[in-house]
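Here is a friendly walk through one model, meant to be read with the structure open beside you.

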Amino acid sequence: MDFGTTNSSIAIAHEDRSSEAILFQTGAGKTNTYRSVLYFEPKAPASTGPLAIERYLAADEKGRLIQSLKSFLASRLFTSTNVFGRQYMLEDLITIILRDLRVQAETQLGRSGLEHEKYPAEASSHP
């Protein structure tokens with residue numbers, strides 16, 4: 001997974017050394033680029049990724065578009081923000097994006113939970 005300031009992507013490496021990019025749904029089809037953005041509307045759940053941009057552009061009454069979240073990770077000044085009366089920590093905002101990335105990857109791969117190899121240090125610290 002590459003969580004980027006502007007775009008994110010996920011690729012799966014196969015045993016035969018080939019790789020497969022995860023595709024993300026847009027209104028016009030699918031793309032291997034996931035926009036690292038959040039869009040909040042007053043009375044709707046947050047939208048993320050390519051669909052968030054589409055909802056923002058199509059909205060008559062604009063909500064709140066949040067982008068470039070990764071750039072705030074190094075700053076101790078930005079810890080939270082208020083969106084339509086609800087306080088969100090920076091970690092909460094990033095979690096919304098990462099959760100959607102994972103759900104879309106799991107949906108495309110047809111399984112629940114992405115499998116991963118454990119690194120030796122990780123395996124030894126967790127019996």
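## A helix with a buried side

Helix α1 spans residues 49-58, and its buried residues include Gly49, Pro50, Ala52 and Ile53. Buried here means under 20% relative accessible area, exposed means over 50%, and partly exposed lies in between (1.4 Å probe, protein chains only). These residues sit on the same side of α1, because they cover an arc of only 160 degrees around the axis; the arc is taken from the directions from the helix axis to the C-beta atoms. Helices (H or I, at least four residues) and strands (E, at least two) are DSSP runs, numbered from the N terminus.

The buried residues of α1 pack against β4 (24-26), β5 (29-31), β6 (34-35), β7 (37-41), β8 (44-48) and β9 (64-67). Contact means heavy atoms within 4.5 Å.

## How to read the model

This is a predicted model, in which local features need pLDDT of at least 70 and side-chain atom pairs count only at pLDDT 80 or more, while totals for chains, interfaces and linings use all residues. Residues are numbered from 1 along each chain as its sequence is written, and side-chain values use heavy atoms, with hydrogens and water left out.

## The three-stranded sheet

Now look at the open sheet of three strands, ordered β8-β7-β9 with antiparallel pairing. β8 and β9 are at the edges with a single partner strand each, so one side of each has no neighbour in the sheet. From one strand to the next, the twist averages 15 degrees. α1 packs on this sheet, touching β7, β8 and β9, and its direction makes about 120 degrees with that of β8. Axes are lines fitted to C-alpha atoms, for helices over the stretch in contact, and angles run from 0 to 180 degrees between N-to-C directions. Helix α2 (residues 90-109) also lies across β7, β8 and β9, running at about 110 degrees to β7.

Two strands pair if DSSP finds at least two bridges between them. β7 and β9 are joined in the antiparallel sense by four bridges; phenylalanine 40 has arginine 64 of β9 as its bridge partner, and leucine 38 has isoleucine 66 of β9. On the β8 side, three bridges link antiparallel β7 and β8, and tyrosine 39 is partnered with serine 47 of β8. A hairpin of two residues connects β7 to β8.

## The covered strand β7

β7 is mostly covered, with five of its five residues buried. Val37, Tyr39 and Glu41 point one way from the strand, whereas Leu38 and Phe40 point the other way.

## Two residues up close

Leucine 65 belongs to strand β9 and is partly exposed, with a relative accessible area of 25%. Beyond its neighbours within four places in sequence, leucine 65 contacts Val37, Leu38, Tyr39, Ile53 and Tyr56. The C-alpha atoms of leucine 65 and phenylalanine 40 are separated by 6.5 Å, although these residues are 25 residues apart along the chain.

Threonine 81 lies in strand β10 (residues 80-83). Is threonine 81 buried or exposed? Threonine 81 is buried, at a relative accessible area of 10%. Its side chain makes a polar contact with the side chain of arginine 64 at 2.9 Å. A polar contact is a pair of N or O atoms within 3.5 Å; within protein, one must be able to donate a hydrogen and the other to accept it, and residues adjacent in sequence count only if both atoms are side-chain atoms. Not counting residues up to four places away in sequence, threonine 81 touches Arg64, Arg86, Gln87, Tyr88 and Leu93.
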